[in-house]
Amino acid sequence: MRKLFVYLKEYRKESVLGPLFKLLEATLELIVPLVVAAIIDRGVGGGDKGYAVRMCLVLVALGFVGMLFSVTAQFFAAKAAVGFVTKLRSALFRHIQGFSYRTLDDAGVSTLITRMTSDMNQVQTGVNLTLRLLLRSPFVVFGAMIMAFTVDVRAALWFAVVIPILAAVVFAVMLTCIPLYRKVQSLLDRVLGGTRETLGGVRVLRAFGKEDEEIGSFAQKNDALTAMQKYVGRISALLNPVTYVILNLAVLGLIYTGGVRVQAGLLTQGAVVALYNYMSQILVELIKLANLILTVTKSVASGKRIRSVLDLPEAEGAVQALPAGDSAYRVEFRDAGLRYNDTGDPALQGVSLCVRAGETVGVIGGTGSGKTTLVNLIPRFYEATQGQVFVDGKDVRAYDPAALRARIGVVPQKAVLFAGTIRDNLLWGCPDASDEALLAAVRTAQAGDVLEAKGGLDGQIEAFGRNLSGGQRQRLTVARALVRRPDILILDDSASALDFATDAALRRALRELDYRPTVFIVSQRTSSIRFADSIVTLDEGRVAGVGTHDALLETCSVYREIYDSQFRKEARA
Amino acid sequence: MKKTRQKAERGTVRKVLRCLRPYRASAAVSILLSAVSVALSLYVPVLIGRAVDCIVAKGQVDLAAVVSILWRIGAVVAAGALLQWLIGILNNRISFHVVRDVRDKAFRKLQILPLRYLDAHPVGETVSRVIADADQFADGLLLGFSQLFTGAATIAGTLGFMLALRPAIAAVVVVLTPMSFVAAKFIATHTYRYFHDQSAIRAEQTALIDEVLTNQKVVQAFGREKAAADRFDEVNGRLGTSALKAVFFSSLTNPTTRFVNNVVYALVALCGALVCIASAGTAAPFTVGSLSAFLAYANQYTKPFNEISGVVTELQNALACAARLFELIDEEPQTPDDADAAVLSDVRGNVELRDVAFSYVPDRKLIEDLNLSVRAGQRVAIVGPTGCGKTTIINLLMRFYDVDAGEIDVEGRDVRHVTRRSLRASYGMVLQETWLREGTVRENLTLGKPDATQDEIVRACKAAHADGFIRRLPQGYDTVIGEDGGSLSQGQKQLLCIARMMLTKPPMLILDEATSSIDTRTEMYIQQAFRLMMEGRTSFIVAHRLSTIREADVILVMRDGHVVETGTHDDLLRKNGFYAELYNSQFAP
């Protein structure tokens, strides 16, 4: 937890003042029974009306000052909790920005999103309540006990007996319930998973006529959840009655002892009432404390989850000490390979490939043959776990990642855009590009009609580019990559949603670019790459052949099979 | 506006009460026990007050009387605690059962809702109704049961006891206590704005987090990490400011109401003390014991008032959640099958579409005057650009949607007059969107044919070219795959879906981009399996890759909801129309 509390440091003053004012307020509350005892003993007992009035004014004053203390405490607690979480959120967000692709894969996006949102809220509530109440309840409990001792030591022994018992009961019930609550949560997750699954597969399930079976299996999960909820409910329902009984037993003891002591003249009637009031205060605080512990346990769990993300390493920058080696090409792979995890097979191995500036390289292969992996090595999205990758003669690891990526235009497989105008999105490629440059990129990307349909560069795009079709999105992502006039352009299956005619027009326009970028085209379609300067054919992570279309047809059986599967008769004709 | 909301709320309350009907006996017992339990717990201060009155001063203590009162207190406390426990269990039972019933009902409804509804509502939204809303509803119900009623009973009870003890002092309490309620209300209405701001900014931030983190790799590919973080910090800063206000101002309620209560307490102490002094020695003295009981009551009386405002917001929230649930439950289901709907059998594969018209949105026409006659054993391919209505035809064939006009006949029978189940069982369907459930590979494969033998399963998987990779999985056919196929690749998932369909040996086949994620070499082998399988059976194929549709008997070329061309591959190429344009562009340099 220490790693998180660093962010609380700035709010050290608030974190101390909050609980402090709360304790001051609690102290005032502890004085109240003494004042009431005084009213009974001196006011009522002595028949002194003026004294009673004065003491009641004291009570009002105590309440008023208590309110001021309390408000001050709430303010400091809120400021510390909110400020702390705001800082933490910002830090975590920046931390995630620095993750490598590998770390992102391992952590999982949906996990990161829950950490940033619901876990953060939970922590905020937890910190706020902790600062306000966690110290207060034990303080009141022990304070009440100490006050009781000042009233009468013998009678107060009941407090010393009952408080440990109550504490034991509260903790026993809590400790039993917390793991059970976790079980309830996981059963709820199963009900949720079942519902989501059924909705996702509604067509398939109806096609197979599975409606009744789905209802049956849902009812089963639902019943399991309900049974568990009831079981936990039964146990947690014990807490209040049991503490009530224990406390009242102590009250009985207290009154009896009080009676004996008053009889002996060692205690007054008012003091007995005061002792009884202290006992009541303890009961109220215990109930509050139990609820508080539940909330705090939840926030601690959330805090731990946040910390586990903060513990993940950020991506490395430029590496200084590297194996020597240089390359005369724009891009060179030298026996390069990548393993995504330690146990699995390598996704790519032993790739050697030289590409000159301005060349177009096609990358083709079956599902899972390593096409995307290959191009992802160039901008160092992943680091080769075997061999080396060079850009302009330098190992990619020797570059500052930002500088390296600034020279490369990537069009990822999944075409996504961000909320904002089309201009905002295109400027991602190059923040200071002129409108003319943007329009030129749009034209090359065959996206002119998208601009028209959406109202030009100022057209609004919704988050994820939801208001565009797959093909429209793909062409805008191509334009975005072109805006930076990249030395290297990587198209990772970026024409899959385009019809063949548009795909062809796009390739023609790319060839006519005046700055002649080196282009990598990843595709499943032979038609998209058959005119490339060289084609890399991958098969299960290995290079099956490199060469031109015609050469590969002669020499590479994998390429020939792929080609035949798409152009059977024509190829022979 | 407010009136309609109240009316809607009343409607929801009625529905909630209807859900409670099976548990009305438990509910009645719970309410009864609560009343008794409150009475018992309120009786305790009276008894303690009496005990205190027996302890006056040195030598004036009636210990025997004290002990006998203490025994009575013990009995009352024990009984009260037992009742509290029973009430807790009863309330738990009622609310969890009601919610279970409602959830079951909602889920049953999901099974008969038309696809039109399900397609229009995001899965996450529907799931959140069945899960999160139901959960909130349960919490609210439980809280309502346990707090609202005991709260009301406590107020009534304490009031009764106080009036019985001393009406004048009781009046002080009754008149002043609602002040705390007023104070709470005042604060709530004046801080609502801050909450509203906070949730608006929080929603904005969540959307930003969702957008950026989902596409983190793109952000990094374009070196936008800092820009994203700066944008985040801007929103985050605003959220911080707004959250501080919301958290702080809302936390004012507690100290304020507590102050009001303290004032009431002081006044009771004062009045009580004065009455004590004044009535000392009279026939009906107001004793110190009564005063202590009164003080205890004053505390108990005000407590429900403090809690009630919280409970009411919780309840309103719970009602809102319940309303969303009921909205789902009351949603119009699909038209049920006719009572005398025929069961399709001996399907040979004759399908006839006559003057079919259909649209998803009433004023945006999609399919109009579609006519198509398919004879048994024909392969029908549907081609065209995205959004032209290809998948819609499949929706209509499977009767996921009903036609707006015209009719679809299978073996000469209008599909609206046969059972959905028998119609759908006549088709084997594989969609581009693969769907697998959490479970073993075998469970997934036998979804359509639970009694399939291992031999049959392996044969189907071999035909679908899935056997090889399944065997390489850690536990072969018994490997558990996670939600939505877990770690399987998209292509492997499609192979499993194809094998699953092949196992059922349906008389007709629907393939909607079924091989889009499978590499073309494997696809070629699967196509052969399809061909063998479809010998003499009708099939409908939607595909992007023109290589997969070339061998169809009929190719429907669609554009904007209309069939613009029909014919065989060669016919259509000769025609040199839209199809030829689509086809030839794949050879363009």
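pLDDT is the predictor's confidence in each residue, from 0 to 100. The structure described here is a predicted model. In chain A, pLDDT stays under 50 over residues 569-573. For this stretch the model has two contacts beyond four places in sequence.

Confidence was then considered chain by chain. The mean pLDDT of chain A is 86. In chain A, 96% of the residues reach 70 or more. Chain B averages 84, and 94% of its residues score at least 70. Within chain B, confidence is lowest in helix 19 (residues 546-549), where the mean is 70. Confidence in chain B is highest in strand 4 (residues 405-410), at 92. For the model, ipTM is 0.80 and pTM is 0.72.

The domain assignment divides chain A into domain 1, domain 2 and domain 3. Domain 1 of chain A is made of two segments, 1-152 and 296-315. Domain 2 of chain A covers 153-266, and domain 3 of chain A covers 410-483. The C-alpha centres of domain 1 and domain 3 of chain A are 49 Å apart. For chain B, the assignment gives domain 1 (1-163 + 309-334) and domain 2 (435-505). The C-alpha centres of these domains of chain B are separated by 48 Å.

One helix pair in chain A was examined in detail. Helix 6 of chain A spans residues 136-151, and helix 7 of chain A spans residues 153-200. Their axes come within 7 Å and cross at roughly 160 degrees. Angles over 145 degrees count as roughly antiparallel. Helix 6 and helix 7 of chain A are therefore roughly antiparallel to each other. The crossing of helix 6 of chain A past helix 7 of chain A is left-handed. On helix 6 of chain A, the contact is made by Val141(A), Met145(A), Ala148(A), Phe149(A) and Val151(A). Helix 7 of chain A contributes Val153(A), Ala156(A), Phe159(A), Ala160(A) and Ile163(A). The contact residues of the two helices comprise 10 nonpolar, no polar and no charged.

The two chains also touch each other. In this interface, 125 residues of chain B are in contact with 124 residues of chain A. On the side of chain B that touches chain A, helix 3 (residues 63-112) of chain B gives the most, with 24 residues. By residue class, this side of chain B divides into 72 nonpolar, 30 polar and 23 charged residues.

Methods. Residues numbered from 1 in each chain as written. Chains lettered and ligands numbered in written order. Predicted model: local features only at pLDDT ≥ 70, side-chain atom pairs only at ≥ 80, totals over all residues. Axes fitted to C-alpha atoms, helices over the stretch in contact; angles between N-to-C directions. Helix = DSSP H or I, 4+ residues; strand = E, 2+ residues; numbered from the N terminus. Parallel < 35°, antiparallel > 145°, perpendicular 65-115°, else oblique. Left-handed = near helix turned anticlockwise from the far one by under 90°. Contact = placed C-beta atoms within 7 Å. Nonpolar A, V, L, I, M, F, W, Y, C, P; charged D, E, K, R; others polar. Domains from an automatic or database assignment.
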